[in-house]
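Have a look at the structure first, then read on.

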Amino acid sequence: MSSLALGESIPQDTAHAVSVSLPTWQSNIGYEEGEKWVVEKMATGYPRFFIHKSIQAFASDIVSAYGLTDEQAMLFPTRAAAQRCINFVTNTQPNYLQKLNIVELILDICKTRSPLLKKLAPTVSALLLPKAVFPLAKQYWQHTGDGISSRRAELCHSLLKDGLLTPIKLTHISSEASSKASRGPKRYQRPGNNGDSKDLQGHKYEESLESSRFIEERFGRNLDLAFAERAKSAIRRRIAGCLVQDMDSLPAMSSNSRGLQNLHEDDVFLFPAGMNAIFNAHRALLCARGQMKSVNFGFPYVDTLKILQKFGPGCEFFGHASSADLDKFEELLRTGHRFLALFCEFPGNPLLICPDLQRIRRLANEFDFAIVVDETIGTFANINVLPAADIVVSSLTKIFSGDSNVMGGSAILNPKGRFYEQIKKAMKCTYEDTYWPEDAIFMERNSRDFLNRVDRVNTNAEAICATLQQHASVKEIFYPKYNPSKHHYDEFRLPNRGYGGLLSIVFHSRKQAETFYDSMEIAKGPSLGTNFTLCSPYVLLAHYQELSWAAQFGVAEDLVRVSVGLEDTEVLRNTFKSALNATEKIPKVD
């Protein structure tokens, strides 16, 4: 995939794409600065940072129907999620409590004859809030991944337009909003209210029937609800390490690559995003073990640290994932400090450092804390960290899917973990299956060849590392195979498996990094784990407001992160060589 125009979806012409083209170094800075020449060209963006345009349009129409002129709407799949957002906002801004309203929208079953729709039973809980407080609510939406998916929004918006999605409850509504909500704009009035339509006693409503026919035609092909639950089952079994290639037969889980005989499908929980899996793992642990501080060990993906800091009693942060950091942590433990859980990535992002998970496991056994490992980058095709963890989380959006057109996340509980029964009970109390069936269908299809794709990516990544190592412009390469923490990775690497598809490059000068990035004839934008090679100035995108903070942990602001794809190895080598050649005339010192 060659470099795309600024703002195009990645993949191109994909309605629910997970990435967006930022083809030059300056366009990434422009995006972070909110400059119009970038923002106004963006067809989409990474879904937890950029509210998908289908969600924006849906939210706008909900405000028109049920809100006030100075309000915006944040959309969630359940009332509980919307209420959590309210709690987050009012913990910071308690004076807004009486100005936040929830509108719960459900399918009006009296107005549709569609069996598919009735079985799907689509719902949306819209949090209406003043525009001034919307940025705070967006923080919750970004950190937690609790918002609705773009596919859910697309369908539910069409139902709203045709009067098939109606409110069941409005809370904390002022008298002005209540009047408007019961009336609504004309296009959302219930048939019979204006004298133009028949009543609800079995008469036809042509607009609603046309909508139902459209939905049957479209989703009858793409969303066979008879298979939605089987799709989720197949996904859970793959994550558990039971190699299910399709849904035609779901064998008993007698063996799996996780090496735990008593691991069952119901130990795996699916979520609409990887960060939502982390958020809910944290929620379950707080529920199971009480209000205790956590530990973030190693330089984290940005929102993991935010979750631990903002939800619950806070956390201790060790940003290097080094043996010295472990010494400091152990000293805290031995002087009486106690913790809920230690969260880490294996390997970390973007430096690909692996913590000493075996030592962490020994400390957890001695000092009674849980371990949560994010295996997104390592992937269970290459590593098996579950025996050392209590919970393993992953972003299925990445290499598990590969196609960059659907979001998803998972959390898997270790049945031999010391807190297993407590966590399992807490999960049953807190878990809501909000994974939209259409997203699950796409994820199941995408992940069928997961293992073969990982093999290819492993091979290509090592070839690219070899190319980079030979070039004078490259100052440092971060990759699990070549990092000082390689032996920690190898302790959990599966036999004959590789080191993954993610690597990071630091050049001698920022100008070299910019030149390399601008010269790369590949897709350039956020995300990783795509079937095509994808490049980004990751630190600028993830930590633009805290670059000096990130630098304390060896994370250079001009680092270039590359997610290696499935392209022909020689074609890929030549692409990198061409971009490297462009750096040769650039001074090594800025």
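Two strands count as paired if DSSP finds at least two bridges between them. By that rule, β12 and strand β13 (residues 409-413) pair in the antiparallel sense, with five bridges. Keep in mind that this is a predicted model.

**Around β12**
- Ser-395 of β12 sits opposite Gly-409 in β13.
- Strand β11 (residues 370-374) runs parallel to β12, and three bridges join the two.
- Val-373 has Val-392 in β12 as its bridge partner.
- How covered is β12 (residues 391-395)? Five of its five residues are buried.
- Ile-391, Val-393 and Ser-395 are buried on one side, while Val-392 and Ser-394 are buried on the other, so both faces are covered.

**The five-stranded sheet**
- Five strands make up an open sheet with mixed pairing, in the order β14-β15-β18-β17-β16.
- Its edges are β14 (474-478) and β16 (523-524), each pairing on one side only.
- β15 (residues 502-507) and β18 (residues 560-563) are antiparallel partners over four bridges.
- Within that pair, Leu-503 has Val-562 of β18 as its bridge partner.

**Helices on that sheet**
- Helix α17 (residues 450-469) packs on the sheet and touches β14 and β15, at about 10 degrees to the direction of β15.
- Helix α19 (residues 510-519) also packs there, touching β15, β16, β17 (534-536) and β18, at about 135 degrees to the direction of β15.
- The buried residues of α19 are Gln-512, Ala-513, Glu-514, Thr-515, Phe-516 and Tyr-517.
- Their cover includes α1 (25-33) and α22 (569-582), along with β15, β16, β17 and β18.

Terms used: Residues are numbered from 1 along each chain as its sequence is written. This is a predicted model: local features need pLDDT of at least 70, side-chain atom pairs count only at pLDDT 80 or more; totals for chains, interfaces and linings use all residues. Side-chain values use heavy atoms; hydrogens and water are left out. Contact means heavy atoms within 4.5 Å. Axes are lines fitted to C-alpha atoms, for helices over the stretch in contact, and angles run from 0 to 180 degrees between N-to-C directions. Buried means under 20% relative accessible area, exposed over 50%, partly exposed in between (1.4 Å probe, protein chains only).
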